[in-house]
Amino acid sequence: MDLRELRGKAVGIRRDLLNMIYKAKAGHTGGSLSSTDILTALYYDALRVDPANPHWRDRDYFVLSKGHSVEGLFCILADKGFFDKAELNTFCRFGTRLIGHPNNRIPGVEMNTGALGHGLSISTGMAKGLKMSRRSNRVYTLMGDGELAEGSIWEAAMAASHYKLDNLTAIIDRNRLQISGDTETVMAQEPLADRWRAFGWQVVQLDGHDMAALVAEFRREPARDKPRAIIARTVKGKGVREMENLPRWHHGVPDAELLASAMRQLDAQERSA
Amino acid sequence: MATGLSCREAFCRELAELGRKNPEIVALTSDAKGSTSLGVFANALPDQFIEVGIAEQNEIGMAAGLAAVGKRPYVCAPASFLSARALEQIKVDVAYSRMNVKILAVSGGISYGALGATHHSSHDVAALRAIPGIRVVLPCDEIQTVALLRALEADDEPAYIRVGKAAMPIVYGPEAEFTVGKASRLRPGTDLTIIACGEMVRQAVEASEQLAGEGISAQVIDMHTLSPLDGEAILAAAEIGPIITIEEHSVNGGLGASAARLTATHRPVPMRTLALPETGNAVAGPSGEVFRHYGLDRDGLCRAARELLKAR
Ligand SMILES: [Mg+2]
């Protein structure tokens, strides 16, 4: 896919996830919209995955550490054919596979996440295991910025650089908001890049909605012997004016009127993609 | 009974043997190579050994990640820290995610008796029994430890194996066979049954010998697997008569409480559940003396047996 198609794909995923949340009357809207472009660049350009063979031995591994932002991931997995798109209608319904967090009974999902602070340890174990077996698969994880207050993240950050895991990329969805408000008020994350550098990581900062920047960074061969942290500056609720940068859209659900407004905005974005 | 190896030592020696045959087996520890007896594995198989530093949450999470890419990880560290600090990782990354992680939790219960409640794990069986998808196994001697390890290595499901610190008397003969999830009958008996697990098993055997001298015939059941619990064995024991359970664990949520729920539901019989008290942390001290203080030994079992039979 070229950049224009990738941007168009991201608009489509935003449409799908908003419709899914609207139907289910539940979901984590803000963080799903802030991470949509990152997930799109990963799944439609960077990751080696095979929807027909989710357990393909040579696949790249992706762990959604901020498990509550699962809506974008489900829409992408369905769009890529890991499971039938009609199943998205069961999101959060009684007895569904598509619960409000990633679950590895769903094809294409590696691990059950949702309790925060777990994804980086899991990814560190994956990357370490792949290195031990001299396999060339890569490991990616996406974390929230509020999530970084969990101590286990820093245990893993320490370990990944100790083991020189240059096959590991951790992406931080730096939307500067968490459920209670501004991350810097709740528990300050800055100086965020310095913290990761001090833990021995190679740090890249970019605009998490700039498809060209995301694709270029994921395609770049990372520095040897260091894990890579990508701090992606994002906007919570990105793409829907009424939701952008407002903490209440962490798990707000749009009504019919707002959904219609959102669709009009996304149509306009698609035309200008 | 002749004294053999500690269960942790038996486990790690056998793990090194298994690791030689299968390079996918990896052992992780959190600065506890010495405490767990993992040195034999680390020295023989340095490329299959992972030191994670003092970071149990990351240790369990990493083990789950290793399993996800096809490794066969064994986490070896003290029970007190793994089962409390890393409980969420055990619950989510291992049990809920169904990752093939085996956890060797050493110095369980009050093995570190004199070190106090920070180092005791009298909660671990209760905590892990309430988490679906992970088996809980408490071997009693070196023979059983090795046999159960081999059985667990043959499958791809999670397990928590809790052992003590001390060298243990050898309870079983070298040919003994065990099935995970099926209790073993160590002694037949017709008056009552003692159901024991882990290091309390040898106390149960000694008590049954003592009671035999007093004309009391006590069956001994070794409940080496606490999750899934062998309910059939418990209800079969209830057909014989009263039941005494004994465990190095809180009286809440462990062997006794779980057995009593089954008998109360299906076949009520008089019972005694010997365990650590719920009223406060166990008194600190050498574990043998702590056991004696709480009646978790041969004499405590014999007293309970006499009381139960007198009341009948
Ligand atoms: Mg955030």
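Two strands count as paired if DSSP finds at least two bridges between them. Keep that in mind as you look at this predicted model, where strand 6 and strand 7 (residues 228–233) of chain A are joined by six bridges.

**Strands 6 and 7**
- Strand 6 and strand 7 of chain A run parallel.
- To spot the pairing for yourself, find Gln205(A), which stands opposite Ile231(A) in strand 7 of chain A.
- On the way from strand 6 to strand 7 of chain A, the chain passes through helix 8 (residues 211–219), and this β-α-β crossover is right-handed.

**Aromatic pairs**
- A pair of aromatic rings is described by two things: the distance of the centres and the angle of the planes.
- Over all chains, the count comes to eight aromatic pairs.
- One of them is Phe74(A) with Phe91(A), an edge-to-face pair at 6.2 Å centre to centre, with 75 degrees between the planes.
- Phe74(A) belongs to helix 3 (residues 70–80) of chain A, while Phe91(A) is in the loop between helix 3 and helix 4 (119–132), so the pair ties together parts 17 residues apart in sequence.
- Phe74(A) and Phe91(A) are both buried.
- Next, take Trp154(A) and Phe199(A): their ring centres are 4.9 Å apart and their planes meet at 55 degrees, so this pair is tilted.
- That pair links distant parts of the chain, 45 residues apart: Trp154(A) sits in helix 5 (residues 151–162) of chain A, and Phe199(A) in the loop between helix 7 (192–198) and strand 6 (202–207).
- Trp154(A) is buried, because its relative accessible area of 14% falls under the 20% cut-off.
- Phe199(A) has 27% relative accessibility, so it counts as partly exposed.
- Ring pairs also join Trp154(A) and Phe199(A) with Trp196(A) and Trp201(A) in a cluster.

**Charges over rings**
- Lys25(A) lies over the face of Tyr22(A), 4.4 Å from the ring centre.
- Lys80(A) has its charged end over the ring of Tyr44(A), at 4.7 Å from the centre.

**The magnesium site**
- Which residues coordinate the magnesium ion? They are Asp145(A) through OD, Asn175(A) through OD1 and Leu177(A) through O, at 2.2 Å.
- Along the sequence, these donor residues follow the spacing D-x29-N-x1-L.
- Asn175(A) has a relative accessibility of 5%, so it counts as buried.
- Leu177(A) is buried too, with a relative accessible area of 11%.

Key. Residues numbered from 1 in each chain as written. Chains lettered and ligands numbered in written order. Predicted model: local features only at pLDDT ≥ 70, side-chain atom pairs only at ≥ 80, totals over all residues. Heavy atoms only, no water. Phe/Tyr/Trp six-rings, centres within 6.5 Å; stacked < 30°, edge-to-face > 60°. Helix = DSSP H or I, 4+ residues; strand = E, 2+ residues; numbered from the N terminus. Buried < 20%, exposed > 50% of the residue type's maximum accessible area, 1.4 Å probe, protein only. Lys NZ or Arg CZ within 6 Å of the ring centre and 35° of its normal. Donors = N, O, S within 2.8 Å, 3.2 Å for Na, K, Ca; no water. Right-handed = clockwise from strand over helix to strand, strands pointing away.
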